[in-house]
Structure formats: C-alpha cells, structure tokens
Amino acid sequence: MTPSELYFHISRSLENGGIEDSRFEAMCITEHITGMKLQRLLLERSEIDKSKLTEADKLIRKRILGEPLQYLLGEWEFYGLPFYVGEGVLIPRADTETLAELAVEEAKKNGYYRILDLCSGTGCIACAVEAHVPDADITAVEISDKAVSYLKRNIQLNKSKVKILKEDVLKSETAEKFKNADMILCNPPYLTKEDMQNLQLEVQSEPESALFGGDDGLFFYRNITNIWKNVLSAGGMLVYEIGMGQESDVAEILKENGFNNITYKKDLSGITRVVSGIKG
C-alpha cells in the first residue's frame, strides 16, 4: 500500500464509521503516521511498512469508538503554536483563540505585562500570549496533576518563560500569592448540567473537571471573579471565555463585582465567546 492508498483507506474507514469530517481527519492521521504532508504523500509511489497500516487501523478503531482525534495525534496547534495533548487535559480549540487574540491586543495597547492565566490546562493561552508579548510576566495556575504535566511539556516545547503555580484557583489562599496584576485570563469550566448530559462522544473523553461549570454553568465565574478581583490593579482587566449564550450572565457577575467597561468579542462563527471588564 502506498501513502496515498493509505490516506484513502483511512478516509473511507472513518466515513463508514460515522466520522463527519473524514477527509480532514484522514489527512491528519496519514500525515502523522507517514511524516509527509498531504501534497507529497498523494504523489508518493513507494510502499509503506506494514507496521504503518497496523498503526493506522489501530487509530481508526479508536477514533470510531469516540477517542478525540487530538488525543490520537498527541499534539494540536493553537494560535500557530504546537501543544502536546492527551487524556486528562482539555483540548485547545479554535474558539479559545478569540481570548488569546484579545489578550495580545489589550496587553500591547495598554502595557499589561503582569498577566495570570487561571485554569490553564495545556497552557495554550499563556504560551500563545507570551509568544506575542515577549516582555510579559505570565503565570499559569492549574490544579490538575495531568494538566500540569502537559503544561510543563508545552512550556518547554514552545521555549516559553511562562511560570507555573500548581494551586486551586477557587481558594482565596491561592489568589493571595499575587497582587497588582494587570490582566487575568481564564477559560473556566462552563458547561451546564444539561450540557453534560448531551456531550458529543469524543468530548466525553475529556476531563469532566475541565468542562462542568455547575448546574447553570456559572459556578466558576461567580467564585473566580469574587476571589481574584482584588488581585488586579485599578484599571486591570479580567477576561473570560464563555459558553454560547452566557454573555449577559457573566457580564452581570462582573458588574456586581465592581467591573465596568464590559466588552464582548465574537469568535469566527459569530458567537460571543469572550467577555471582559475593567476593574474600577
């Protein structure tokens, strides 16, 4: 079997297995297995090792059974940077690039250099912002052992200077370790109880602790805003990623905690994905 035949074999198998974007996923898996980009592998006529076909069939089975593509590949791109991903850590998503983009813009415009990334996970937000604001002093706060292991690897992978604090963001003692921050970034768990009961198969593989935001999805927004607002300097910015339709509720939480100049930013699908406020 040639690399191109392997690609079409994977594509057909995924399509027959009910994978919606079978061609794209086949491209990702084939490039991962062969080490060739699609343009080259489609022209390659040499035979591949049987071990690669065995590896492909193993990945196909896992994918059809619901394991996320990103976990199978072990790496995923976010904001132009590579990040290791796997079981036990939330997968970086294109939606979250909306938050990273806003953070970079505001940091450069306002001279926000003391930055905290709460619920950091893979560290994708912290590393992406630091890559574009190299003078920034960024600390990533994360409690999960598995996530912290990926966070450490991703900081090394991207030659980042991001610092790590392994603590619980819901404890006031954690916030008390900081003062005079210019900007706090956070992509907290925000799925509701109903959302959790209707998860897509592959999302069920991701850690519940990184997804579930309480019955109404707002538990972390309420508590993080209350606990961390005093860490910000006057004029500092708190920036949240939110779930679809949560903008009014999260904005109200910010206002109740003394934030003003509430702003919203939409993702590429036109969905309001980020809510931010300035500390009064």
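I looked up E106 and K109 and found them three residues apart in helix 6 (residues 97–110), so about one helical turn separates them. Helices here are DSSP runs of H or I with at least four residues, strands are runs of E with at least two, and both are numbered from the N terminus. The side chains of E106 and K109 meet in a salt bridge at 3.5 Å, N to O; the criterion is a side-chain nitrogen of Lys or Arg within 4 Å of a carboxyl oxygen of Asp or Glu. E106 is buried at 13% relative accessible area, while K109 is exposed at 61%. I use buried for under 20% relative accessible area, exposed for over 50% and partly exposed for in between (1.4 Å probe, protein chains only).

I noted the basis of these values: the model is predicted, local features need pLDDT of at least 70, side-chain atom pairs count only at pLDDT 80 or more, and totals for chains, interfaces and linings use all residues. Residues are numbered from 1 along each chain as its sequence is written, and side-chain values use heavy atoms, with hydrogens and water left out.

I counted on: the structure holds 13 salt bridges. One of them pairs K161 with E130, with the closest N and O atoms 3.0 Å apart. K161 lies in the loop between helix 8 (145–157) and strand 5 (163–165) and E130 in helix 7 (residues 124–132), so the pair ties together parts 31 residues apart in sequence. K161 is exposed at 54%; E130 is buried at 6%.

I then checked R63, which forms a salt bridge with E202, closest N and O atoms 3.9 Å apart. R63 is in helix 4 (residues 50–64) and E202 in the loop between helix 10 (193–196) and helix 11 (219–228), so this pair ties together parts 139 residues apart in sequence. R63 counts as buried at 5% relative accessibility, E202 as partly exposed at 26%.

How many disulfides are there? I found zero, taking a disulfide as a pair of cysteine sulfur atoms within 2.5 Å. C119 is in none, and its nearest cysteine sulfur, that of C186, is 3.9 Å away. For C124, also in no disulfide, the nearest cysteine sulfur is that of C127 at 8.3 Å. C124 is buried at 7% relative accessibility.

My last entry is L73, found in helix 5 (residues 69–73) and buried at 14% relative accessible area. Leaving aside neighbours within four places in sequence, L73 is in contact (heavy atoms within 4.5 Å) with C28, I29 and H32.
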